[in-house]
Amino acid sequence: MPYLIATCAPESAVVAHKELRRVEAAVAVDAWLDDGVALMTAPDPAAFAATLAADPPVFVRHLAPADLTVPLTGSSADITSLADAVAATYLPQIAANLALDRPWQPHAVQVRLSNRATHPYTRYALAEPLRELLAQFGPEDVRHPQQVLAVYCAAEQAYIGLWPTARCLSDWPGGERRFARTPEQISRSEFKLLEALDLFNLAWPTQGHALDLGAAPGGWTRLLVERGLTVVAVDPAALDARVAALPQVEQWRGHAETFLTGSSDVFDLVVNDMRLDARDSARLMLRAAERLRPGSPALMTLKLPQARIEPVYHRARRIFAEAYTIIGARQLFHNRSEVTLVGVR
Ligand SMILES: C[S@@+](CC[C@H](N)C(=O)[O-])C[C@H]1O[C@@H](n2cnc3c(N)ncnc32)[C@H](O)[C@@H]1O
């Protein structure tokens with residue numbers, strides 16, 4: 001049976017697997033190549049991935065093709081044998097497509113190495129000859145590729161495939177959306193918001209009034225101000241002094257429950273990263289909805305207990321859906337035991 005590689009957060013392996021089996025009962029895990037990285041068999045991996053991409057899963061972060069397997073020796077000779085195998089398999093396919101007037105789409109070469117094996121080369125060293133092979137068709141577009149040549153190196157075998165990025169559920173290898181740290185950054189949580197904006201392709205308001213529930217130390221508040229919004233930052237804990245000093249920020253020291261009872265402000269956006277039971281947090285989003293203009297976006301992180309990820313997630317999602325039309329839900333690379341939920345009031 002043909003292969004594909006599915007990636008999720010290691011702690012969500014069971015629920016991610018169930019999620020895939022609900023879509024296609026015949027898919028099965030053949031082996032775990034790394035924590036959260038499953039080699040799966042499926043009757044038709046490309047069709048299966050296309051079905052998933054049309055209605056993306058929550059806990060599966062990334063899918064990669066694995067049409068071609070190449071044995072690895074654990075020596076630097078693997079670099080040449082991978083390049084030779086790719087050239088022999090894909091160059092004729094690409095030539096045939098070009099002959100049929102199917103234009104070459106911007107591509108990226110994405111190489112991953114399992115942490116469960118020791119490889120005597122880096123992923124850059126493996127990728128280099130593959131990049132040279134594909135460069136004849138067009139320049140690599142690492143950020144927004146339309147198709148990817150994906151290589152996953154386990155201990156004794158490399159799994160390779162070439163398919164449209166849309167089937168991968170993320171433009172990034174393994175769904176690992178990386179951001180550079182900046183001197184202005186306040187918290188690691190900022191990456192969660194940036195990743196969500198990118199993954200869900202969200203059109204945020206660039207002016208207006210935002211409500212940030214569970215704002216401290218202020219990373220999300222800072223990003224919202226940077227995008228042109230004024231922000232009411234609600235948290236019993238203090239904001240970082242740099243954020244508190246911003247003229248666009250009103251700090252409200254206390255719990256969201258109290259703020260939502262007292263305030264009569266009207267907002268154009270609400271975000272919520274409160275460290276709170278996911279269901280309680282979703283209930284507070286219903287109260288926040290009463291302060292939101294219709295059509296305004298809302299984003300929250302659902303903090304999920306390790307033991308009952310699925311039921312708590314589904315319950316919290318149903319609560320959130322009482323006031324919002326859900327437009328995206330995903331366990332992001334930067335989420336830890338969380339799911340990010342995005343909706344519109
Ligand atoms: C993960 S931190 C938020 C980080 C923030 N998004 C950032 O980028 O800096 C979670 C915050 O939720 C706050 N929190 C927990 N329960 C809350 C509640 N009931 N009301 C308001 N804030 C709450 C905590 O005090 C904590 O500061």
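## Ground rules

Residues are counted from 1 along each chain, in the order in which its sequence is written. Because the model is predicted, local features need pLDDT of at least 70 and side-chain atom pairs count only at pLDDT 80 or more, while totals for chains, interfaces and linings use all residues.

## Two domains

Let us start with the overall layout. The protein chain is assigned domain 1 (3–175) and domain 2 (189–344), with bounds that come from an automatic or database domain assignment. Their C-alpha centres are 34 Å apart.

## Around the ligand

The shell around the ligand holds 23 residues, and those that come nearest are Ser187, Ser189, Gly214, Gly219 and Asp273. A residue is near a molecule or strand if its C-beta atom, placed from the backbone, lies within 6 Å of it. Two or more shell residues come from each of helix H5 (189–199), helix H6 (219–226), strand S10 (230–235) and helix H8 (256–262). Helices (H or I, at least four residues) and strands (E, at least two) are DSSP runs, numbered from the N terminus. By class, the shell has 12 nonpolar, 6 polar and 5 charged residues.

A cis peptide bond links Ala216 to Pro217, with omega at about 5°. Pro217 sits in the loop between strand S9 (209–213) and H6. For context, most peptide bonds are trans.

## Helix pairs

H5 and H6 have axes that come within 8 Å and cross at roughly 45°. The axes are lines fitted to C-alpha atoms, for helices over the stretch in contact, and angles run from 0 to 180 degrees between N-to-C directions. The two helices H5 and H6 are therefore oblique to each other; angles under 35 degrees count as roughly parallel, over 145 as roughly antiparallel, 65 to 115 as roughly perpendicular and the rest as oblique. Ser189, Glu190 and Leu193 of H5 meet Gly219, Trp220 and Leu223 of H6, a contact with 3 nonpolar, 2 polar and 1 charged residues.

H5 has a set of buried residues: Ser189, Glu190, Lys192, Leu193, Glu195, Ala196 and Leu199. A residue is buried if 20 or more other C-beta atoms lie within 10 Å of its own, exposed if 12 or fewer, and partly exposed in between, with C-beta atoms placed from the backbone. The cover over these H5 residues includes H6, strand S13 (297–303), S14 and S15.

Helix H9 (residues 278–289) and helix H10 (residues 309–321) have axes 8 Å apart, at an angle of about 5°, so H9 is roughly parallel to H10. On the H9 side, the contact includes Ala278, Ala282 and Leu286, which pack with H10 residues including Val312, Ala316 and Phe320. The contact of H9 with H10 has 9 nonpolar, no polar and 3 charged residues.

## Loops worth a look

Most residues other than glycine have a negative phi. Asp101, in the loop between helix H3 (77–99) and strand S6 (107–113), has a positive phi near 65°. Asp101 is exposed because 6 other C-beta atoms lie within 10 Å. Ser337 has a positive phi near 50° and lies in the loop between strand S14 (325–330) and strand S15 (338–344). With 15 other C-beta atoms within 10 Å, Ser337 is partly exposed.

Phe333 is also found in the loop between S14 and S15, and counts as buried because 20 C-beta neighbours lie inside 10 Å. Leaving aside neighbours within four places in sequence, Phe333 is in contact with Arg61, Gly175, Glu176, Arg177 and Glu195.

Pro145 occupies the loop between helix H4 (123–135) and strand S7 (147–153). Pro145 and Ala108 are 37 residues apart in sequence and 5.6 Å apart in space, C-alpha to C-alpha.

How values were computed. Ala, Val, Leu, Ile, Met, Phe, Trp, Tyr, Cys and Pro count as nonpolar, Asp, Glu, Lys and Arg as charged, and the others, Gly among them, as polar. Two residues are in contact if their C-beta atoms, placed from the backbone, lie within 7 Å.
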